[in-house]
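Please have a look at the model first.

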Amino acid sequence: MFTRLFKYGETMFDLCSRLLAVKDGRVKPRIPAGRVALLYVMLMVARLGSLNALEQRKAPAAWAKWLGGPIPSADMMGDAAVTMRLDQLRANLLHQHKKIKRNKGFGRGKDGLRWLILDGHEGVSSYRRSWKDALERVVHFQKGDRTQYYFRYVGAYLTNGQYYQLLDAERQLPGEGEIACAIRLLERLIERYPRAFDVVCGDNAYMDPKLWKLVRSHKKHLIAVLKNENRDLLEDARALFADMKPIAFDDKKTKRLCWDLNGFTTWPQCGESVRVVRSVETTLIKRQHGKKIEKLQSEWFWVTSLPCALVPTKTIVRAGHGRWGIENQGFNELCNQWHGDHGYRYNAHALIACTLLLFIAYNLFHAFITRNLKPQVRAGRSQKYWADLIAAEFICLFSPTTTPP
């Protein structure tokens, strides 16, 4: 399955050829950066999570010939990532998106829209190890304060409601907030993916006037969570919704009462009137302990530039909750299954380079599962099943360099 995955990647995305062409800033390197980039993707697909674990493996003759040499040391892999060309890695992500879209693998969803979700994520943190341009914070403990060093980035996640894809990531610099980093990422995405998405989604932090105006200046729409930080708009919405009759609809185990109104001018910083949607949701769940049925109720507010005539209330609610896709199918999966929170090299440039390589491996795996394997083969088998098969073949092919006693 490991070999089949990379054959698919080469046929579909020219993956191996394009990765082997990646350069770095070293002068006349003994081991090309392209071999290192491809090996990073291989170890990520095999879910090794360690450069030392890869170093202990030996590539078979056919793979070594194809790679252009043996597997380099862990130190060599880390050194190459320090100066690896980020623009070439991002070009690989763009090529993946274009090929999937061209093969009709990423059309518009049921609502006729494609959604770009932006969110910040903390990848690596340490109390003992620092590096240049690391973010710092003081953590308070009972025994005293400690300085923590960490790496944080804003990721871009594209979805049409059925399929999803990681597009790009931007490193958060020391002294700047998440929104400044997100604006820098969004400007690049609009330039490189001008027709890939229609709506930008984010949490309450993305109710930023500068970001809002940037999105609207390119004739795209935005949805953000509305919380108490924007108290005037929230109180205005509550007062007007009190005299309105709600819209009721059910979604599986959840019953929703929704209010929807356009034309709010209580947030003048964005430069236009906005639409606010409120959803009061009631869900029945059965607790494992005692098997009792418990009723949970929650309230959500969203602010958007999407007009009522274009997108109905139900779609706004679904898109608002769909923002959690970047957490569930994105960051959580990367950390829990792909070792996305592991620092292969504690260097700001190397960390973002490894993040982009991880995105390439993630997109390759999911495209292979959904586009190459037949539905009859996938039926009844989880993604973990296929990931284990891929890892098992890698372990069999790449035997250890030493034989245990």
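**Pockets, cysteines and a helix residue**

The lining of the largest pocket is made up of 10 nonpolar, 13 polar and 10 charged residues (Ala, Val, Leu, Ile, Met, Phe, Trp, Tyr, Cys and Pro count as nonpolar, Asp, Glu, Lys and Arg as charged, and the others, Gly among them, as polar). This is a predicted model, in which local features need pLDDT of at least 70 and side-chain atom pairs count only at pLDDT 80 or more, while totals for chains, interfaces and linings use all residues. Residues are numbered from 1 along each chain as its sequence is written, and side-chain values use heavy atoms, with hydrogens and water left out.

**Largest pocket**

- The volume of the largest pocket is about 800 Å³, taken as the space filled by probe spheres set on grid points that are joined across faces, edges and corners.
- Its lining holds 33 residues, and G161, Q162, R318, A319 and G322 are the closest to the centre.
- A pocket here is an open set of points on a 1 Å grid over the protein atoms alone, where a 1.4 Å probe fits, with protein on both sides within 12 Å along at least five of seven lines; lining residues have an atom within 4 Å of a point.
- Helix 11 gives the largest share of this lining, 7 residues; helices (H or I, at least four residues) and strands (E, at least two) are DSSP runs, numbered from the N terminus.
- Among the other elements that each supply at least two lining residues are strand 3 (144-159) and helix 12 (325-338).

**Second largest pocket**

- The second largest pocket has about 190 Å³ of space.
- Of its 13 lining residues, Y163, Y164, H366, A367 and T370 lie nearest the centre.
- Helix 13 contributes 5 residues, the largest share of the lining of the second largest pocket.
- That lining divides into 5 nonpolar, 7 polar and 1 charged.

**Cysteines**

- The model has 0 disulfides, counting pairs of cysteine sulfur atoms within 2.5 Å.
- For C16, the nearest cysteine sulfur is that of C354, 18 Å away.
- C16 counts as buried at 1% relative accessibility (buried means under 20% relative accessible area, exposed over 50%, partly exposed in between, with a 1.4 Å probe and protein chains only).
- C181 is in no disulfide either, with the sulfur of C335 the nearest at 17 Å.

**A348**

- A348 sits in helix 13 and is buried, at 5% relative accessibility.
- Leaving out residues up to four places away in sequence, A348 touches W131, K132, D133, F151 and R171, where contact means heavy atoms within 4.5 Å.
- A348 and G322 are 26 residues apart in sequence, and their C-alpha atoms are 31 Å apart in space.
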